[in-house]
Amino acid sequence: KEAMGGEEEEVMVPCLFCEALGPEAELQCHSCKSIIPFCIATGMRMERGDWAQCPVCTMPCKREGFVRIIESEKHCPMCSQEVLISAIQTIEDP
């Protein structure tokens, strides 16, 4: 997202533990100090409602970002194993 003046606006997402908003790129919550899991596809904080995992290594990922990587590279960026898109399942309650 672009803010006024041409600078990118920082995306804020809730902490998985206390719901306090924080920058998407910061993996430690400023409020509760918990370490938030990161997406293996984007490197950003994981969020409820957009949670999946590699079907091979079970590392967390944002489904849409992971699918994009698998469509182009066919392999998980964490375990390097081949992944079928049909095997990537959304997790409702991580």
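Biologist: Why is Cys 39 called buried?
Modeller: This is a predicted model, and the value is computed from it. Cys 39 has a relative accessible area of 1%. Buried means under 20%, so Cys 39 is buried.

Biologist: What makes Cys 29 buried or exposed?
Modeller: The cut-off again is under 20%. Cys 29 has a relative accessible area of 2%, so Cys 29 is buried.

Biologist: How do you know whether Cys 29 has a bond to the closest cysteine sulfur?
Modeller: By distance. A disulfide needs sulfur atoms within 2.5 Å. The closest cysteine sulfur to that of Cys 29 is in Cys 18, at 3.6 Å. Cys 39 is in no disulfide either: the nearest cysteine sulfur, in Cys 61, is 5.7 Å away.

Biologist: Which residues have the most contacts inside the largest nonpolar core?
Modeller: That core has 17 residues. Among those with the most contacts inside it are Cys 54, Cys 61, Phe 66 and Cys 76. Helix 1, residues 63-73, gives the most to this core, with three residues.

Biologist: What is Phe 66 in contact with, beyond its neighbours within four places in sequence?
Modeller: Its partners include Ile 40, Cys 54, Cys 61, Cys 76, Val 83 and Ile 88. Pro 55 and Pro 77 are also in contact with Phe 66.

Biologist: Which elements does the chain have, and in what order?
Modeller: One helix and four strands. From the N terminus on, they run β-β-β-β-α.

How values were computed: Residues numbered from 1 in each chain as written. Predicted model: local features only at pLDDT ≥ 70, side-chain atom pairs only at ≥ 80, totals over all residues. Heavy atoms only, no water. Core = buried A, V, L, I, M, F, W, Y, C linked by side-chain atoms within 4.5 Å. Buried < 20%, exposed > 50% of the residue type's maximum accessible area, 1.4 Å probe, protein only. Helix = DSSP H or I, 4+ residues; strand = E, 2+ residues; numbered from the N terminus. Contact = heavy atoms within 4.5 Å.
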